[in-house]
Amino acid sequence: MVESRTYLGSDMTATLRPWMVPSEHQGSKLMESCIGACGKTLQNGSSQSIVFHLDKLKIKLEDELLAAGVELLYASIPIALTRTEDNWNGLVIANKSGRQLIRCQAIVDASETAITTFLARQELKTSFNGEMACYKRVLEFTNVKETGQQVISVPSDLGIKDNKVQLYPGFHGNGHYYVEYQISLQSENSVEGNRHRESESQKLGITLTEFLVHNVPSFQKAMLCTSSNELKGPYPMEEEDSRIQENVQIENLSINHPNTWCLYRDFYEHNNAGWLDPVKAASYGEQFARLVEIFILKDKDIQEKNQDTNMDSPYEIRIPVDFLERDHNFVNVPNHEVFLSKTADVLVSGGGSSGGSAAIVSAEEGMKTILVDLNPGLGGTGTFGGVDSYWFGHRHGYAERITKLVKDVQKRIKYKGHKWNIEAKKYALLETADRLGIEMLFNAITFGAITKGTRVCGSLVATRWGACSIMADCVIDATGDGDLAAFAGAKSVYGAVRDHVVMWYSLAQYNSPGKLQNNFTSMVNVSDVKDYTRAILAGRRRWSMNVDGCHDHGIYVAPRESRHIIGDVVMNMSDQLLQRSWQDCINIHLSNHDMKGISEANWLHAGLIPPNLEIEIPYRMLLPKGIDGILVVGKAISATHDALPAIRMQSDLENLGGIAALAAAMAVKENKYPRQIDYGLLQERIVKEGLIPESILTRKLDPIHYTDEQLVSLIDSIEVNEPLYEYSNMRMNEIYQKRIPFVEICTVGKRIIPFLEKAYEDSAGIRKVRIAQALAMYELKVGVPTLISEIMTMLEGEQLPKRTADILYVTMPPDHGAMPDVCYLLYSLGLTRDKRSIAVWRRVANLLNPIDKDFEDKMWGLFYYIHAVSVGAERLGDSEAIPVLMKLWGIPSVNMQYCYSSYQADFFLERRSLLELAIGRSLARCGSPQGYEILINYLDDVRSLLSKQAHTELRLLSGLNLNKDILEWTDWLETEKALLKPQPYLEQTDLAHDNETITRKITS
């Protein structure tokens, strides 16, 4: 099953109509099953209705499919029909992985847009023989006073059909209600028609809410929670024109392609409104399934209609073929024509934190702007992702403007919460974009790039009416995942360069209507549609421990991290800790080090959790290396895994999107690539917008040079009175602006080493330990005896020490680099690549005897003990470490944790798998065949990034470029087993060893 959304049951879920009258469910086994699982009967005035628990309904539909052996692909849209060489059918689908061809005997199109009729050139554009039709939309409220009303009269100037709205009780009671209103709109079945309908009806929803909360007594304290993602309809203008057939007629469903049926053809051509009723539609579907089982599949001639003019030949269509991490039995996709559909000055791909702001500013700069987003509206993480407040980040500039717009809407609807109302933010962004004339394509997926030489000229977009192409003078990739830049050939790294780990994704959890719970669970590879689907299935089955299931989950997978597009400058964590200044600074971000996941940087491993820092963003971070005509904003900007946590705050990204739009507009007006514009002139404009200080225009940047005496003084200032992680103990309104001695010492370079060694010899106590850590950052063994002595003293008890420090904002490990103090020293010891470490690791292994739940103890931090030993052992790369690693691998909780099918609701299983992979890597680096076997066993893991990590490591170790094939790698290992040798891992990331060459010192 291919579903364009991220959930099932759209006629009840996307439309937010999770109810039915009791008699309606007769005749559908599926609906009977759903009622038993998640429906209950409620009194609604003088009648009764069956109301469903929204989240449980989505889960039940998924469970029914999976139990029947159906493979599900979310967030994918059909873009072509074809026939294979062996006379099978082929359905070409598009998604964030590019496009794929599904080989099948027959195709059943159950889409509301009848998309296969567009693909087969027999478009069904109208229904009920009229230009106008009736559509239904629903608002969800809480805190409605119980009145027994079923109908509320509304003013005629609202434009609502019959001047009334219908009330339906919600599943949770206690003032939980749905309000349905009807509106007459043009009914053309097209991208443009749908866009107009959705925009008008969404804006009407806020106006209706304003009326209800100000004029209807039962709504005086009501809170607007959410609204329909999609309209329900079209219905005929007059109810008597509506016809519902008792049975489905299969001859009314076939289209101009062999063995292909379009269910909604019966609706559009034969006016069978039964397809709009979820129970009747389910019954039709079950009837069709029985009919098609006995239907003789015959070939028939395909009648082709005239083709439109093809795109000019100088352009190259670039669609990825290698983003999928596992074999999904897709076959080679044939070529098919792509037509030029739309043109713009500026194309913004993505409408989230950066993209919405970018499109608005672009239009304000006079640019003809087109925006494409996979969600049904604007805001991304801040709306459909369920993150309804700013964390850190500067709140001025474009972010401040957006906040004011949202607050104005909230005042209209009497919302007084301390976080923003998501419906208010959706409306504020949509109304602004509409007013500026931005052309928006929602529920649309960018699946390819159009290039000409090194220039990105546009994109390929999949809509629910087929594929289209968009050409633009300048392109802004605001997908958050760098999709368009990657499609165009920009180099990128997925997650951490070492092992592809990323920060945890979020699928918004609504514990109750309108009440969101932030969540930190596991990883997702959004560029792999199969993993994207797996993450949705898993995320929907996760909720807070203090609730019995969620009311609902969000519709947007919000990854905190995915691709990092490699730009002309790649920011690393050392740049931030050194508070580096850039000549082409265009924005200043503000944050703590919000690492939600595993760090790869030695800074955090040494215990240095950064303070709240202001971080300059150079313009060159937005320019993909070797690619022209495009700017990348959002989370995919050019930074390392450990640099991203501090520059990904929503308000900063909103401002960055607007700044990118200023650059794009300059490039278009001057007929230049974004790389060619004068960044000094861009900075002047940014200063006028109040985003960066005017002093940036005139300042002079120089490196900081230390004299020998200053180096000695620097070492004397090394942190001894408090742990390094105390830097992070700051209030949100505080900004750290001083130098960090430990960072300065560890980045000066070799000049400082003799002074460090002398200071080490002359020191004692905690000063000696801290200097030993600094020496370890230079991979020197001088301080090893001190590190070992300190660690072994801390490990004298009968169990491993727990974390005693209170570190802010920490959830279950691994998180924020918060771990027991001894673990920081274990990581430092591992940097020295000293064989004396093995005895220490052995002691750790002997004290480890955990049960599964112990790994969830955020003060114990067992994850870090195992990880620190594994990382140290892979750097050492010595066969004598193998027994210790095998003892770690013998812990049941980290042994054979791979998963070959379905999904895992328990996100800690993935974290334990990450430990098994770390052990496997270190065993392999020490020359153990068992390490290779562990890695090979993960090649078929359904969790894409774990599979990717194993494959990457096997390629590095072997020097071979074999496919991700367990049998192929197993055969290779069998022939090479006796020849395996230790291969220490020597690379370091996010560490600078010559800070005297970078610009930092600011002079006017």
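Two strands are taken to pair if DSSP finds at least two bridges between them. On this basis the model, which is a predicted one, contains an open sheet of three strands in the order S1-S3-S2, with antiparallel pairing. Strand S1 (19-20) and strand S2 (39-44) stand at the edges of this sheet, and each has a single partner strand, so that one side of each is left without a neighbour in the sheet. The antiparallel pairing of S1 with strand S3 (residues 47-52) extends over two bridges, and Met 20 is placed opposite Ile 50 in S3.

Helix H1 (residues 29-38) packs on the sheet and touches S1, S2 and S3, while its direction makes about 85° with that of S3. The buried residues of H1 are Met 31, Cys 34, Ile 35 and Cys 38. Because these residues cover an arc of only 105° around the axis, they lie on the same side of H1. The exposed residues Lys 29 and Gly 36, in turn, are carried by the face of H1 that is turned away from its buried side.

On the side of H26, the contact is made by Pro 929, Tyr 932, Glu 933 and Ile 936, and on the side of H28 by Ile 966, Trp 969, Thr 970, Trp 972 and Leu 973. When these residues are sorted by class, the contact of H26 with H28 comprises seven nonpolar residues, one polar residue and one charged residue.

With neighbours within four places in sequence left aside, Met 666 is in contact with Ile 677, Asp 678, Leu 681 and Leu 682. For one of these residues, Asp 678, the separation from Met 666 is 12 residues in sequence and 9.0 Å in space, taken from C-alpha to C-alpha.

Definitions and conventions:
Residues numbered from 1 in each chain as written. Predicted model: local features only at pLDDT ≥ 70, side-chain atom pairs only at ≥ 80, totals over all residues. Heavy atoms only, no water. Contact = heavy atoms within 4.5 Å. Helix = DSSP H or I, 4+ residues; strand = E, 2+ residues; numbered from the N terminus. Nonpolar A, V, L, I, M, F, W, Y, C, P; charged D, E, K, R; others polar. Axes fitted to C-alpha atoms, helices over the stretch in contact; angles between N-to-C directions. Buried < 20%, exposed > 50% of the residue type's maximum accessible area, 1.4 Å probe, protein only. Arc of directions from axis to C-beta.
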